[in-house]
Amino acid sequence: GDKLSVKGCFDKIEVKPNKWKKVGMLAGGSGITPCLQVAEELLSSPDDATEITLIFFNRTPDDIFLKSHIDSLASRSGGRFTV
């Protein structure tokens with residue numbers, strides 16, 4: 001009975017505070033860029049409570065693109081951004 005909405009990179013997604021309760025994103029390699037834009041936008045709004053989960057696929061830990069930036073966002077998110 002659960003509903004899952006999936007959106008690809010077909011057109012722009014309007015990102016507004018509290019538009020969604022939870023957002024899940026999947027990315028690999030440089031595909032992280034649009035996911036980070038969404039996460040950064042949601043996390044930048046003090047009124048937003050959206051929970052963000054990112055699954056980021058890489059071959060090895062050394063291949064993680066923007067790792068320090070992603071870790072920093074997660075640590076400053078107050079538990080709202082999980083990677």
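Where does Lys21 lie? Lys21 is in the segment before S1, a strand that covers residues 22-28. The model is a predicted one, in which local features need pLDDT of at least 70, side-chain atom pairs count only at pLDDT 80 or more, and totals for chains, interfaces and linings use all residues. Residues are numbered from 1 along each chain as its sequence is written, and side-chain values use heavy atoms, with hydrogens and water left out. Strands are DSSP runs of E with at least two residues, helices are DSSP runs of H or I with at least four, and both are numbered from the N terminus.

Lys21 has a relative accessibility of 67% and therefore counts as exposed. Contact means heavy atoms within 4.5 Å. With neighbours within four places in sequence left aside, Lys21 touches Ala49, Thr50 and Glu51. From Lys21 to Leu43 there are 22 residues in sequence and 13 Å in space, C-alpha to C-alpha.

Asn18 is also placed in the segment before strand S1. Its relative accessibility is 40%, so Asn18 counts as partly exposed. The phi angle of Asn18 is near 60 degrees, which is a positive value in a residue other than glycine. Most residues other than glycine have a negative phi, and most peptide bonds are trans. Leu66, in the loop between S2 and H2, likewise has a positive phi near 60 degrees. Leu66 counts as partly exposed because its relative accessibility is 37%.

Asp48 sits in the loop between helix H1 (32-44) and strand S2 (51-57). Is Asp48 buried or exposed? With a relative accessibility of 4%, Asp48 counts as buried. A polar atom of the Asp48 side chain lies 2.5 Å from the backbone nitrogen of Asn18. Beyond its neighbours within four places in sequence, Asp48 is in contact with Lys16, Pro17, Asn18, Leu42 and Arg80.

Arg80 and Asp48 are also joined through their side chains, by a polar contact of 2.8 Å. A polar contact is a pair of N or O atoms within 3.5 Å; within protein, one must be able to donate a hydrogen and the other to accept it, and residues adjacent in sequence count only if both atoms are side-chain atoms. Arg80 belongs to the loop between H2 and strand S3 (81-82). At 15% relative accessibility, Arg80 is counted as buried. Its contacts, leaving aside neighbours within four places in sequence, are Leu42, Leu43, Ser45, Asp48, Ala49, Thr50, Glu51 and Ile52.

Asp47 lies in the loop between H1 and S2. At 65% relative accessibility, Asp47 counts as exposed. Asp47 and Val6 are 41 residues apart in sequence, and their C-alpha atoms are 25 Å apart in space.

The helices come next. Two packed helices are described by the angle between their axes and the distance between the axes. The axes of H1 and helix H2 (residues 67-76) come within 11 Å and cross at roughly 25 degrees. Axes are lines fitted to C-alpha atoms, for helices over the stretch in contact, and angles run from 0 to 180 degrees between N-to-C directions. H1 and H2 are therefore roughly parallel to each other. Angles under 35 degrees count as roughly parallel, over 145 as roughly antiparallel, 65 to 115 as roughly perpendicular, and the rest as oblique.

Which residues make the contact? H1 contributes Ile32, Leu36, Glu40 and Leu43, and H2 contributes His69, Ile70 and Leu73. By class, these are five nonpolar, one polar and one charged residues. Ala, Val, Leu, Ile, Met, Phe, Trp, Tyr, Cys and Pro count as nonpolar, Asp, Glu, Lys and Arg as charged, and the others, Gly among them, as polar.

Val38 is also placed in helix H1. Val38 counts as buried because its relative accessibility is 19%. Leaving aside neighbours within four places in sequence, Val38 is in contact with Val15 and Met25.

Definitions and conventions. Buried < 20%, exposed > 50% of the residue type's maximum accessible area, 1.4 Å probe, protein only.
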